[in-house]
Amino acid sequence: MATLGDVAARAGVSISAVSRVLSDAPDSRVSAATRERIVEAARELNYRPNFAGRALKSARTQVVGLVVPDITNALFTELMHGAEDEATERGYTVLLGRSDDVRPGGEVIARLIGEGRVDGMALQVGDAVQPAGLRDLLTTQAPIVLVNSSNPGHVGSVTLDDHQGALIATRHLLELGHQRIAFANGLPRSFTAKRRRTGYKLALAAAGVRVPKAYETRIGYTVDNGRTALHRLMALDPRPTGIVVANVNAAVGLLGEARKAGIRVPDDLSVVTVHDSWTAENTWPPLTAVKMQFYTVGRTAVRSVIRRIETGETSDEVITDPPPELVVRESTAPPR
């Protein structure tokens, strides 16, 4: 296996110069031509950094944690891919975990960061974690960046453009001619549900459309929550002709329950969801969805964690580029 000395010999420079360039050291003062020569020599020799030695020298592991509520959830696949790609480009490794134990008294943060297993963490908590509990988790000064949530007094978050996603979904039904548009939303305390609710209401207000208060459910994002939402909404008089679902998992449950109840989609009811995934395009009928940029969130979250590890800089970011994108499939049509 090639060493720093081998790369230095191939590039015709000192070992210290190679070390500074390949570790992106801030005091690396070499010309662009020399830097390119070193990088090319490392590539030709298939040089791989000695991460164990680097960790000992810097007291870092070069590992960041990515903790999400459910690693089997299709929504988090893109998030994980983005996180891994960003980490790889920056010489880090991602350690994946579930946030089941992320609660007051839980040991995830203490075990991963307190014991030096990771240098920092991108953390997305589930809706079951109460705001007070999240504040307790963030009392540590460890480099933690929140994903799709925020907390008063904590700087360091990366969120989707939830408001715009729900606005686009609602506007789609309005443009098809729907007036009786319901909203199957997440729990009232959910950070993302609050923002999506704002987008839904703004789209209706801009179109001059008013709907009954009962046209919104605030049950949650699971498949079972979607089933429950459908029964509540379709028991109303008059029934909605379209439903915006705030989460694709709930939308899959709602759509399946509509089929069981003999409600034809989109003939009797149009359904559009915030979030797109492979599950949305493989339902029947395939779900019209607003694609949210989870891949970019993953990359940005890891970049933010590493920036905080290396420079101490923190920021709150909302992903607006690329923007949410409407993907029209077969679950929406003009009302009859």
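Predicted model: local features only at pLDDT ≥ 70, side-chain atom pairs only at ≥ 80, totals over all residues.
Phi of Asn 46 is near 55 degrees, a positive value in a residue that is not glycine. Asn 46 is partly exposed, with a relative accessible area of 47%.

Asn 148 also has a phi near 55 degrees, again positive in a residue other than glycine. Its place is the loop between strand 4 (144-147) and strand 5 (157-160). Is Asn 148 buried or exposed? Asn 148 counts as buried, because its relative accessibility is 7% and the limit for that class is under 20%.

I turn now to the peptide bonds. Which form does the bond from Val 265 to Pro 266 take, cis or trans? The bond is cis, with omega near 10 degrees. Pro 266 is found in the loop between helix 11 (248-260) and strand 9 (270-274). A further cis peptide bond runs from Trp 284 to Pro 285, with omega near -10 degrees. Pro 285 sits in the loop that lies between helix 12 (278-281) and strand 10 (288-291).

The next topic is helix packing. Two packed helices are described by the angle between their axes and the distance between the axes. Consider helix 1 (residues 4-11) and helix 2 (residues 15-22), which pack at an angle of about 105 degrees, their axes being 8 Å apart. Angles of 65 to 115 degrees count as roughly perpendicular, and helix 1 and helix 2 are therefore roughly perpendicular to each other. On the side of helix 1, the contact is made by Leu 4, Gly 5, Val 7 and Ala 8, and on the side of helix 2 by Ile 15, Val 18, Ser 19 and Leu 22. By class, this contact of helix 1 with helix 2 has 6 nonpolar and 2 polar residues, and no charged residues.

A second pair is formed by helix 5 (residues 75-89) and helix 13 (residues 294-311), packed at an angle of about 40 degrees with axes 7 Å apart. Helix 5 and helix 13 are therefore oblique to each other, and their crossing is right-handed. Residues of helix 5 in the contact include Leu 75, Glu 78, His 81 and Asp 85, while those of helix 13 include Phe 294, Tyr 295, Arg 299 and Arg 303. The contact of helix 5 with helix 13 has, by class, 8 nonpolar, 3 polar and 6 charged residues.

Thr 241 lies in the loop between helix 10 (223-234) and strand 8 (242-245), and counts as buried at 16% relative accessibility. With which side chain does the side chain of Thr 241 make a polar contact? The partner is the side chain of His 178, at 2.7 Å. Leaving aside neighbours within four places in sequence, residues in contact with Thr 241 include Gln 179, Asp 268 and Pro 335.

Ser 315, in turn, is placed in the loop between helix 13 and strand 11 (316-319). Ser 315 counts as buried, at 18% relative accessibility. Its side chain is joined to that of Arg 307 by a polar contact of 3.0 Å, and the side chain of Ser 315 makes a polar contact with the side chain of Glu 317 at 3.3 Å. Beyond its neighbours within four places in sequence, Ser 315 is in contact with Val 155, Gly 156, Ser 157 and Arg 307.

Note on methods
Residues numbered from 1 in each chain as written. Heavy atoms only, no water. Axes fitted to C-alpha atoms, helices over the stretch in contact; angles between N-to-C directions. Helix = DSSP H or I, 4+ residues; strand = E, 2+ residues; numbered from the N terminus. Parallel < 35°, antiparallel > 145°, perpendicular 65-115°, else oblique. Left-handed = near helix turned anticlockwise from the far one by under 90°. Contact = heavy atoms within 4.5 Å. Nonpolar A, V, L, I, M, F, W, Y, C, P; charged D, E, K, R; others polar. Buried < 20%, exposed > 50% of the residue type's maximum accessible area, 1.4 Å probe, protein only. Polar contact = N/O pair within 3.5 Å; in protein donor to acceptor, adjacent residues only side chain to side chain.
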